[in-house]
Amino acid sequence: LRMLMGLLGDDSLAASDPTDLRVLRQIKNDKTVLLIEVIVRPKLSTIAFRVYDHFKLVASDEVHKCHVDYRDIEDVLATLHVHGVELRDVDATGIALPGAVDFGRVTFSGHGFNGCDIESLLRDKFGVTAFVDNNANAAAVGCYVQSDAYDSVTLHTQQVGYLVGGQGTVVNGHLDRKSVV
């Protein structure tokens, strides 16, 4: 979180508690942000992306495939120019995917991402700053940041056809990582 605050150019926020998500509610975003979501389904998976410039949606698309892996994320980055977005203009990239993620490394996923340190790979190959987390945590943080109504949020996802769901929880402004399996 401290790195994100520095990237967004607010040194006063960068000096705050690096786990306190409440500072995200204070950001006036004047950056270009790429968000990528990997949606895995039994027969057809999707990689969807959106690009926001100053909180305004400037590009979005999705790709459907029978099997997804890290190379598909690389393909999204390599083809952004088709949508009028140059990768060099993207200030930060957020990636949400199913499975367990520990500091940008996918530690469990049955979907072509196992053991993949996506943050490092994207930084080394494309020079981008990426933040990777599992989809439930990312959604919970997004819900929390978008509303001042609650200081704690729990979001549960249960995809049709799967026995195991995901849950992201923000408690008093902090993402609860202890509940991640």
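This is a predicted model: local features need pLDDT of at least 70, side-chain atom pairs count only at pLDDT 80 or more; totals for chains, interfaces and linings use all residues.
Which strands and which helix are included in what covers the buried residues of H3?

Residues are numbered from 1 along each chain as its sequence is written, and side-chain values use heavy atoms, with hydrogens and water left out.

**Stop 1: helix H3.** Select residues 70-78, which form helix H3. Helices (H or I, at least four residues) and strands (E, at least two) are DSSP runs, numbered from the N terminus. Within H3, the residues Tyr70, Asp72, Ile73, Glu74, Val76 and Leu77 are buried, that is, under 20% relative accessible area with a 1.4 Å probe, protein chains only. Their cover includes strands E1 (32-39), E2 (45-53), E3 (56-65) and E4 (92-97), together with helix H4 (118-126).

**Stop 2: the five-stranded sheet.** Now display the strands in the order E3-E2-E1-E4-E7; these five form an open sheet with mixed pairing. E3 and strand E7 (130-134) stand at the edges with a single partner strand each, so one side of each is left without a neighbour in the sheet. On average, neighbouring strands of this sheet are turned by 15° against each other, direction ignored. Two strands count as paired if DSSP finds at least two bridges between them.

**Stop 3: two pairings within the sheet.** Select E2 and E3, which pair in the antiparallel sense over nine bridges. Asp53 stands opposite Lys56 in E3. The two strands form a hairpin with two residues between them, and His54 in the turn has a positive phi of about 55°. Next, select E1 and E4, whose pairing is parallel and runs over five bridges. Here Leu35 stands opposite Gly94 in E4.

**Stop 4: strands E8, E9 and E10.** Finally, select residues 153-157 (E8) and 166-171 (E9), which pair in the antiparallel sense over five bridges. Thr154 stands opposite Thr169 in E9. E9 also pairs with E10 (residues 174-175), again in the antiparallel sense, over two bridges. Val171 has His174 in E10 as its bridge partner. In the hairpin of E9 and E10, two residues lie between the strands, and Asn172 takes a positive phi near 50°.

Note on methods. Buried means under 20% relative accessible area, exposed over 50%, partly exposed in between (1.4 Å probe, protein chains only). Contact means heavy atoms within 4.5 Å. Axes are lines fitted to C-alpha atoms, for helices over the stretch in contact, and angles run from 0 to 180 degrees between N-to-C directions.
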